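The following questions and answers examine a protein chain step by step. Please keep the sequence and the structure in view while reading.

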Amino acid sequence: MTMFRSLLQALLAASCLLGSASAYAPSFVPGRGVSSMSKSVRALTNTAKTSSGRRNDIKMMPIGVPKVAYRVPGSQSADWVDIYNRLYRERIIFLGSEIDDELANQVIGVMLYLDSEDTSKPIYLYINSPGGSVISGLAIYDAMQHIKSEVITINLGLAASMASFILAAGSRGKRLALPSSRTMIHQPMGGAQGQAEDIKVEAAQILRIRDNIVKLYSMMTGRTVGQILDDLDRDNFLSAEQALEHGLIDRVLEYSRDQDTQL
């Protein structure tokens, strides 16, 4: 009986201690409805949450996709658009891959649209291309001659094969190249297969295209047909200064080394 009374008294004492402990919450164990942070800390936390919510409302640029923010005139908010589409709006076109029918159609479509918008402003065609299809390149050339807007061509990197032809086709006096750029010219190449007559027809077409390109090169550069034939006989790599001497460009865009902070 004595042991039972002692045990009962111990339980009552423990219940009293627990009751008094529930009246507060230790700083390292927040209780229900009780914050372990001071008012100043809670204010900073609420501010951070508000700022985080505002940041979540901003559309971030997709990773790996070259896009820039652009607000369409009349729109209240800006959208992320492809950087090349953004440059198109500034009348800047990049010819930066192998020339084929798809690329030629895209470049021609942009040039026709920009020309329809305003014929008084020039179109800037930046070239860094290994060349490609002769027929596709001639299509771009014809479009450049067809539109009324001036086409300023700029070589940055490499303008090889048909890309060098497009470079030389820019508006006279406005064919430019950066100092480290290179230009490569050569005669058209073909790979005809099939029956003998088919190969003969293909060879005749390649010779006709070569003669046409030689005449156009001569007209654009001011060099004689004989000189152009010699230049195109093999792969002929030219520096920016050599391209200027050959009449493929009109000016090398030099930069002031005294003001260049990258050197």
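Q: Among contacts in the protein chain between residues at least 6 apart in sequence, what percentage join residues at least 24 apart?
A: The model is a predicted one. Its protein chain contains nine helices and nine strands. Among contacts between residues at least 6 apart in sequence, the share that joins residues at least 24 apart is 65%.

Q: What percentage of the residues of the protein chain count as buried?
A: The accessible surface of the chain is about 17400 Å², and carbon and sulfur atoms account for 55% of that surface. A residue is counted as buried when its relative accessible area is under 20%. Of the 263 residues in the chain, the buried share is 30%.

Q: At what angle do helices H5 and H7 pack?
A: Two packed helices are described by the angle between their axes and the distance between the axes. For H5 (residues 134–146) and H7 (residues 196–221), the axes are 12 Å apart. H5 passes H7 in a left-handed crossing. The packing angle is about 40°.

Q: How many nonpolar residues does the contact of H5 with H7 have?
A: H5 contributes Val134, Ile135, Leu138 and Tyr141, while H7 contributes Ile209, Ile213, Leu216, Met219 and Met220. By class, this contact has no polar and no charged residues, and its nonpolar residues number nine.

Q: Is Ser161 buried or exposed?
A: Ser161 is placed in the loop between strand E5 (151–160) and helix H6 (162–168). Beyond its neighbours within four places in sequence, Ser161 is in contact with Pro130, Gly131, Met184, His186 and Tyr217. Because its relative accessibility is 16%, Ser161 counts as buried.

Q: What is the phi of Ser161 near?
A: Most residues other than glycine have a negative phi. Ser161 is a residue other than glycine, yet its phi is positive, near 55°.

Q: Why does Arg91 count as buried?
A: Arg91 is found in the loop between helix H3 (83–88) and strand E3 (92–95). Its phi is near 65°, a positive value in a residue other than glycine. The limit for a buried residue is under 20% relative accessible area. Arg91 counts as buried because its relative accessibility is 8%.

Q: How far apart in space are Gly170 and Met220, C-alpha to C-alpha?
A: Gly170 lies in the loop between H6 and strand E6 (175–177), and it counts as buried because its relative accessibility is 10%. Apart from neighbours within four places in sequence, Gly170 is in contact with Met144, Val151, Thr153 and Arg175. Gly170 and Met220 are 50 residues apart in sequence, and their C-alpha to C-alpha separation in space is 9.0 Å.

How values were computed: Residues numbered from 1 in each chain as written. Predicted model: local features only at pLDDT ≥ 70, side-chain atom pairs only at ≥ 80, totals over all residues. Heavy atoms only, no water. Helix = DSSP H or I, 4+ residues; strand = E, 2+ residues; numbered from the N terminus. Buried < 20%, exposed > 50% of the residue type's maximum accessible area, 1.4 Å probe, protein only. Contact = heavy atoms within 4.5 Å. Areas by Shrake-Rupley, 256 points an atom, 1.4 Å probe, with all protein chains shown as cover. Axes fitted to C-alpha atoms, helices over the stretch in contact; angles between N-to-C directions. Left-handed = near helix turned anticlockwise from the far one by under 90°. Nonpolar A, V, L, I, M, F, W, Y, C, P; charged D, E, K, R; others polar.
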